[in-house]
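Colleague: I would like to go through this model feature by feature. Please give the general idea each time, then the case at hand.

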Amino acid sequence: MKFITCASYYGTGSSAVTDLINECDNVHDMGDYEFRFIQDPDGIRDLEYNLVENNHRHNSGYALRRYLQNVKFLNGSRAIKKYNRYFGKQWKILSGLYVKNLTAVEYKGTWHQELRDKGRVAYFIERTINKIAHVVFRVNRDKNIQLYLKNNIELASFPQDDFYTITKKYIEDLFAYANTDNKEFIMADQLVPASNTMQYVKYFNDIKVICVDRDPRDLYILEKAVWHGTIVPKNVKDFCLWYKATRAHKKFEQDDLNRVMRINFEDMIYNYEVMSEKILDFCNIARENHIKPKTLFNPEKSIKNTQVFKKFTKYADDVKYIEEELKDYLYDFKEVERQ
């Protein structure tokens, strides 16, 4: 299966690429929903760490149960559709099979982390009962009464290659079910992150990742004055620190250029013809398959989402500060205007 996905840093315009790709007739459009089950906490990346990189006697089983809990949450309900909208019952069925295939040993057991997760009341009750048993009834202190004994999944050493094989099949089976029109390509948003990206492409046999960034001045102003979101700091000094920290990986990470492409949102606007051809070539999509150009992504309309910082003059001092602190990240609007 041939996957295409976009990765962004929040609000950096990756939907422009998603829309461009979905204008092609051989691409199955998964919509604008973000499929983050691989990269988010308690996702597949966490499973790899706990099953392969650090196969601890407690961590492995705990991580598998946390994954299943996350699967249940991501499934959604009749009222609030999440993954069940795209994968139906197969999301829970295939995810359960995935965990089963990663399980070597299953037996009754528990440990303090699971008790802690049940909350302070449960912890207090069990500790109090054991205190009474040890002090009043003279029960051996090495023996503890377990009120919340449950199935505890433990793993022996798990080969890395096996983990990747099982994971690739799981992901492909999921999206094969969703690919109802049996298109050549699957376009699914945010399957992998923009940082540490090469760690995540290992979960796919064939994937193209397009990471999209944006001029920090526009991102700051949009968040502060238009979106009013909760992800980006509103204080300009904090914003610059946050921006640098979230892009620091670029200085040392090395991408496989056959699998990962990094672009600026602004180039999609000001260099549309060049960038659209580069992106299609990168994804191995033939030009003749791009049958609906500018129907989903139209640079003439999206240009209004660039150079936004010029429209909010009351934040001129903040913009000047960003230009001084983040000069290496600024997009050269003057250059494209000269062209």
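Colleague: How many helices and strands are there in the protein?

Modeller: This is a predicted model, and the protein in it has 16 helices and seven strands. Taken along the principal axes, its C-alpha atoms fill a box of roughly 85 × 50 × 40 Å.

Colleague: What share of the 339 residues is buried?

Modeller: Burial is read from relative accessible area, and buried means under 20%. Buried residues make up 47% of the 339 residues here. As for contacts between residues at least 6 apart in sequence, 79% join residues at least 24 apart.

Colleague: Which residues have the most contacts inside the largest nonpolar core?

Modeller: They are F35, F37 and F175, in a core of 45 residues. Helix α8, residues 160-178, supplies the largest share of this core, with seven residues. There is also a second, separate core of 25 residues, and C24, M268, L280 and C283 are among them.

Colleague: What is F37 in contact with, leaving aside its neighbours within four places in sequence?

Modeller: The partners of F37 include the aromatic residues Y67, Y83, W91, Y170 and F175. Also in contact with F37 are G43, I44, L74, I171, L174 and L191.

Colleague: Now a pair of helices. At what angle do the axes of α10 and α11 cross?

Modeller: The axes of α10 (residues 216-227) and α11 (residues 236-247) cross at roughly 125° and come within 11 Å. An angle between 115 and 145 degrees is neither roughly perpendicular nor roughly antiparallel, so α10 is oblique to α11. The crossing of the two is right-handed. On the α10 side the contact is made by P216, L219 and Y220, and on the α11 side by V236, F239, W242, Y243 and R247.

Colleague: How does one read the spacing of such residues along a helix?

Modeller: An α-helix has 3.6 residues a turn, so residues three or four places apart point the same way.

Colleague: Is α10 largely enclosed or largely open?

Modeller: Nine of the twelve residues of α10 are buried, so this helix is largely enclosed by the rest of the structure. The buried set includes charged residues, R217, D218 and E223, along with P216, L219, Y220, I221, L222 and A225. Just after α10, H228 takes a positive phi of about 55°.

Colleague: Last, the cysteines. How many disulfides does the count come to?

Modeller: A disulfide needs two cysteine sulfur atoms within 2.5 Å, and the count comes to zero. For C211, the nearest cysteine sulfur is that of C6, 8.6 Å away, and C211 is in no disulfide. C211 is buried, with a relative accessible area of 2%. C240 also counts as buried, at 3% relative accessibility.

Methods
Residues numbered from 1 in each chain as written. Predicted model: local features only at pLDDT ≥ 70, side-chain atom pairs only at ≥ 80, totals over all residues. Heavy atoms only, no water. Buried < 20%, exposed > 50% of the residue type's maximum accessible area, 1.4 Å probe, protein only. Core = buried A, V, L, I, M, F, W, Y, C linked by side-chain atoms within 4.5 Å. Helix = DSSP H or I, 4+ residues; strand = E, 2+ residues; numbered from the N terminus. Contact = heavy atoms within 4.5 Å. Axes fitted to C-alpha atoms, helices over the stretch in contact; angles between N-to-C directions. Parallel < 35°, antiparallel > 145°, perpendicular 65-115°, else oblique. Left-handed = near helix turned anticlockwise from the far one by under 90°.
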